[in-house]
Amino acid sequence: ALSSYSRFMGISLSMWAAAYFILTTTLSMIYIAGRSSLALKILWGLSISTLPIIAILIYIETMIIKSLCIYCTAMHVSIAASAYISTAEIMKIRSP
């Protein structure tokens, strides 16, 4: 992507996305393997805190660049799903 919006703090958004998905995949595997509530809480916090960033990126895509990126949309859906699933897991743990 050659858009001026394709970098944040000098790093390409694709590199940020790769780091995010490596971290969330690792946290998910730790949680699944050992039911670590800390891994789940970190995963949840990371996923939830990323939702406003998705909103900003969608705004940039649709209102400024006026072009949707299929790859980006797939990542947005994946991040939103992660937020939903991790929230559901936390709610399941907290209910008696």
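Two aromatic pairs are counted in this predicted model, where rings of Phe, Tyr and Trp (its six-membered ring) pair if their centres lie within 6.5 Å. One of them joins Y20 and F21: the ring centres are 5.1 Å apart and the planes stand at 85°, so this pair is edge-to-face. That label applies to planes over 60 degrees apart, while planes under 30 degrees apart count as stacked and the rest as tilted. Y20 is buried, with a relative accessible area of 11%, and F21 is partly exposed, at 22%. Buried means under 20% relative accessible area, exposed over 50%, and partly exposed in between (1.4 Å probe, protein chains only).

Residues are numbered from 1 along each chain as its sequence is written. Local features need pLDDT of at least 70 and side-chain atom pairs count only at pLDDT 80 or more, whereas totals for chains, interfaces and linings use all residues; side-chain values use heavy atoms, with hydrogens and water left out.

The largest nonpolar core consists of 6 residues, namely L27, Y31, A39, L40, L43 and I90. Such a core is a set of buried Ala, Val, Leu, Ile, Met, Phe, Trp, Tyr and Cys residues joined through side-chain atoms within 4.5 Å. Two or more of its residues come from each of α1 (13–34) and α2 (37–65), and α2 gives the most, with 3. Helices (H or I, at least four residues) and strands (E, at least two) are DSSP runs, numbered from the N terminus. Beyond its neighbours within four places in sequence, I90 has contacts (heavy atoms within 4.5 Å) with L40, K41 and W44.

Next come the pockets. A pocket is an open set of points on a 1 Å grid over the protein atoms alone, where a 1.4 Å probe fits, with protein on both sides within 12 Å along at least five of seven lines; lining residues have an atom within 4 Å of a point. The volume is the space filled by probe spheres set on the points.

| Pocket | Volume | Lining |
|---|---|---|
| Largest | about 1000 Å³ | 33 residues |

Y5, L13, S14, W16 and L57 lie nearest the centre of the largest pocket. Its lining takes two or more residues from each of β1 (7–8), α1, α2 and α3 (70–94), and the largest share, 10 residues, comes from α2.
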